[in-house]
Every structure is written in C-alpha cells, then in structure tokens.
Amino acid sequence: MGILTWIIVGLVAGGIAKAIHPGKDPGGFIVTMLIGIAGAIVGGFISSALGFGTVDGFNIGSLFIAILGAVLLLWLYRKFASK
C-alpha cells in the first residue's frame, strides 16, 4: 500500500478512534491523528500476525483494522502520557 493511503486511512482511523474513545488528550488533535496513522500500521501488523488480514487499501476491512489499532494506541497513550 502506498504511503499516502496509510496516511489517509490513519487520519480517518484517528478521527473515528477519538470519537469512540473521547476525552482530553495530553497531546491534542494533531497527536491524536498521528496516533491514528501509527494505529493503522500497528493494527495491520497485529492483524496480519494473527492471520486476519492486512491494511491493504481504503476499504471497510482495512479501516476497521486501523480503527482498532488507533483505539489501542490512543488508550495506551492516555494511560502512560497522563502520569
């Protein structure tokens, strides 16, 4: 997948993850979007390691994997950055 698709899927996933997991972020909106991009990457690696598929384009399955990865990273970020 192209880097531009990773960024777009990550930005969308970051926005949706923020809506799913609302609250005050220690880093603000920009950090939430960067976490979304990283979540797309992490979600893709975890999903492919478990045999569920990968983030391979802008489709529903890839977006779902990216959202799960972004929610996970957003939760971890809030857990450790707020202390």
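**Exercise 1.** Which element gives the most to the lining of the largest pocket, and with how many residues?

*Solution.* Note that the model is predicted.
- Step 1: list the lining. Gly-43, Ile-46, Ser-47, Leu-50, Phe-52, Gly-61, Phe-64, Ile-65, Leu-68, Gly-69 and Leu-72 line the largest pocket.
- Step 2: find the elements that give two or more residues to this lining. They are H2 and H3.
- Step 3: pick the main contributor. H3 gives the most, with six residues.

**Exercise 2.** State the volume of the largest pocket and sort its lining residues into nonpolar, polar and charged.

*Solution.* 
- Step 1: the volume is about 160 Å³.
- Step 2: Gly counts as polar here.
- Step 3: the lining then divides into seven nonpolar residues, four polar and no charged.

**Exercise 3.** Name the residues of the nonpolar surface patch and trace the patch to its elements.

*Solution.* 
- Step 1: Ile-46, Leu-50, Phe-52, Leu-72, Trp-75, Leu-76 and Phe-80 make a patch of about 750 Å².
- Step 2: two elements give two or more residues to the patch, helix H2 (28–50) and helix H3 (60–81).
- Step 3: H3 supplies the largest share, four residues.

**Exercise 4.** Why does Leu-72 count as partly exposed?

*Solution.* 
- Step 1: locate Leu-72. Helix H3 holds this residue.
- Step 2: recall the cut-offs. Buried means under 20% relative accessible area, and exposed means over 50%.
- Step 3: Leu-72 has 37% relative accessibility, so it counts as partly exposed.

Notes: Residues are numbered from 1 along each chain as its sequence is written. This is a predicted model: local features need pLDDT of at least 70, side-chain atom pairs count only at pLDDT 80 or more; totals for chains, interfaces and linings use all residues. Side-chain values use heavy atoms; hydrogens and water are left out. Patches are made of residues with over 30% relative accessible area and no salt bridge: like charges are joined within 9 Å, nonpolar side chains (Val, Leu, Ile, Met, Phe, Trp, Tyr) within 5 Å. Accessible areas come from the Shrake-Rupley method with a 1.4 Å probe; for residues, only the protein chains shown count as cover. A salt bridge is a side-chain nitrogen of Lys or Arg within 4 Å of a carboxyl oxygen of Asp or Glu. Buried means under 20% relative accessible area, exposed over 50%, partly exposed in between (1.4 Å probe, protein chains only). On a 1 Å grid over the protein atoms alone, a cavity is a set of points where a 1.4 Å probe fits but cannot get out, and a pocket is an open set with protein on both sides within 12 Å along at least five of seven lines; lining residues have an atom within 4 Å of a point. Grid points are joined across faces, edges and corners, and a volume is the space filled by probe spheres set on the points.
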